[in-house]
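The following note sets out numbered points for a colleague who is reviewing this model. Each point may be read beside the sequence and the coordinates.

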Amino acid sequence: MLQLVLAPMDGVLDAPLRQVLTAINPFDFCESEFVRITDKTVSSQTLLKKVPELNTGGRTSSGAPVYVQFLGSDPKAIAASAALAVSMGAPGIDLNFGCPAKQVNRSNGGAALLKDPDLMRRICADVRNAVPDQVPVHAKMRLGFDSCDRYLELAEALYSSGISMLCVHGRTKVDEYLPGTVRWDLIGRIREVCPVPVIANGDVFDRPSAQKCLEITGCQALMLGRGALCLPNLAAVIRNDDEPYDYLKMTRVVHSFVESFERFNPEGNLFARFKQFLSYLREHYSPLKEREVFKRVCRAADVMEALEILDASARDSGCA
Ligand SMILES: Cc1cc2nc3c(=O)[nH]c(=O)nc-3n(C[C@H](O)[C@H](O)[C@H](O)COP(=O)(O)O)c2cc1C
C-alpha cells in the first residue's frame, strides 16, 4: 500500500499550510519544520510554537499525524527533546540529516552530519532509546555531503540504529535543489539493502513523475515537498487519480490558507506568506505567470486587494 508523506519545509510548510493540505489530500503523515537543538533540551513553548498541533493530539484538524523533526548534533539533548515531544503528544519523531543551509551546517547540524556517520547513528540510537517502542523514529538523509561515494554506508549508519523508516532525498548537500541532480536509482539501491521501509523523496511534481519514482526506486512510500505546494491536491492526484485542481479550485485553496494562517498566527506576516505560496503555485498555474497576476498580486496594498486580483483572474479565465 502506497504511503504519502507531506515533507518538512522550514519557513514554508508550517501548521496553517499543513492544515490546508491535509484537509484536501490523503497524506499518511506530515513532518514538522525542523526544531533546532543546541546542547539543551528544547522548551515546551518552542515545541508548541513550531508544532501547534501538539495541542490537538499531534494531529491536524483532518486527523493527519504530525511527526516532530529535530536537527542538531548533541545526541543527549536531541533524545531528551524527543522524549519531551512524545510526552506532549507527538505521534512520531524524525531526525534531519539533510538540511543544506550554511548557517545550520556551520553549527554541525543537518547535512553536515553526513560527514560523521557514527554521530548520526548515535543520535538515532539515543532517540530510539528515549521514546517508547511504539512511537516511530524516522531519519531523513541526503546521499552524501559533496559526493555520493558513501551513500550506502550513510544509510547503514541510520538503519542499523533501530529507526523504523528511512527517508532519502536523492541528492547530495552540494546539489542543494538543483534541477536534474536527483538520483532515484541510488534511492533504489538503498531500498534493496535497507531492512526498514524507505521513503523516496525528490522532484515528484505530478502523477507520471510519482509513478516513475516508485518504479525506479521500488519504494512504497513517497515524500512530497515543493510539488505539494505547486499543485495543492498532488497527493490525491497520485493516490486516487483525481483531476489536478483547476485554477478556480486553486484560488479556493489560497483563501483557505489565508483563513488558516489568520487563525494560527494572527501576528504573523500573512502577506509575505501569501506571496510565497503563490510563487510555488505559479509553477503549475500558468495564468499566474502569463497574465502577470503574480506581479500584480505582489504590488497589491494588502492581502484583501491581492485576493481580489486573484479572484478576478479566476473569473477572467472563465473558471468562476
Ligand atoms: C524552503 C525549503 C525548506 C525545507 N526545510 C526542510 C526541513 O525543515 N527539514 C527537512 O528535512 N527538509 C527540508 N527541506 C527539504 C524538503 O523536505 C525535501 O526533502 C526537498 O524539497 C526535496 O523534495 P521535493 O523535490 O519534493 O521538494 C526543505 C526544502 C525547501 C525547498
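How many bridges join E2 to E3, and do these strands run parallel or antiparallel? The answer is taken up in the second point, after the overall fold.

1. Overall fold. The model is predicted. It contains a closed barrel of 8 strands in the order E1-E2-E3-E4-E5-E6-E7-E8, and the pairing is parallel. From one strand to the next, the twist averages 30°.

2. The pairing of E2 with E3. Strands E2 and E3 are joined by 5 bridges and run parallel. Within this pairing, Phe34 stands opposite Gln69 of E3.

3. Burial of E3. Strand E3 is largely enclosed by the rest of the structure, because 6 of its 6 residues are buried. The cover extends to both faces: Val66, Val68 and Phe70 are buried on one side, and Tyr67, Gln69 and Leu71 are buried on the other.

4. Helix H1 (residues 15–24) lies across strand E1 (3–6), strand E2 (29–36) and strand E3 (66–71), and its direction is at about 165° to E2. Helix H5 (residues 117–130) lies across strand E4 (93–97) and strand E5 (137–144), at about 170° to E4.

5. Burial of H1. Of the 10 residues of H1, 8 are buried, so this helix is largely enclosed by the rest of the structure. The buried residues are Ala15, Pro16, Leu17, Arg18, Gln19, Val20, Leu21 and Thr22.

6. Thr60 is located in the loop between helix H2 (44–50) and E3. What makes Thr60 count as buried? Its relative accessible area is 4%, and a residue is called buried under 20%. The side chain of Thr60 makes a polar contact of 3.0 Å with the side chain of Thr22, one of the buried residues of H1. Apart from neighbours within four places in sequence, Thr60 is in contact with Arg18, Thr22, Cys30, Glu53 and Val66.

7. Lys40, in another loop. Lys40 is placed in the loop between E2 and H2. It counts as exposed because its relative accessibility is 56%, where the cut-off is over 50%. With neighbours within four places in sequence left aside, Lys40 is in contact with Ala77 and Ser81. From Lys40 to His284 the separation is 244 residues in sequence and 42 Å in space, taken C-alpha to C-alpha.

8. The pairing of E7 with E8. Strand E7 (residues 198–201) and strand E8 (residues 221–224) run parallel and are joined by 2 bridges. Asn201 has Met223 of E8 as its bridge partner.

9. The ligand site. There are 17 residues around the ligand, of which Pro8, Asp10, Asn201, Asp203 and Arg226 come nearest. A backbone N or O atom of Asp10 is 2.7 Å from a ligand nitrogen atom. Asn201, the bridge partner of Met223, places a polar side-chain atom 2.5 Å from an oxygen atom of the ligand. For Arg226, a side-chain N or O atom lies 2.7 Å from an oxygen atom of the ligand. On its own the ligand has 610 Å² of accessible area, and the protein covers 90% of it.

Notes
Residues numbered from 1 in each chain as written. Predicted model: local features only at pLDDT ≥ 70, side-chain atom pairs only at ≥ 80, totals over all residues. Heavy atoms only, no water. Pairing = 2+ DSSP bridges. Helix = DSSP H or I, 4+ residues; strand = E, 2+ residues; numbered from the N terminus. Axes fitted to C-alpha atoms, helices over the stretch in contact; angles between N-to-C directions. Contact = heavy atoms within 4.5 Å. Near = heavy atom within 4 Å. Polar contact = N/O pair within 3.5 Å; in protein donor to acceptor, adjacent residues only side chain to side chain. Areas by Shrake-Rupley, 256 points an atom, 1.4 Å probe, with all protein chains shown as cover. Buried < 20%, exposed > 50% of the residue type's maximum accessible area, 1.4 Å probe, protein only.
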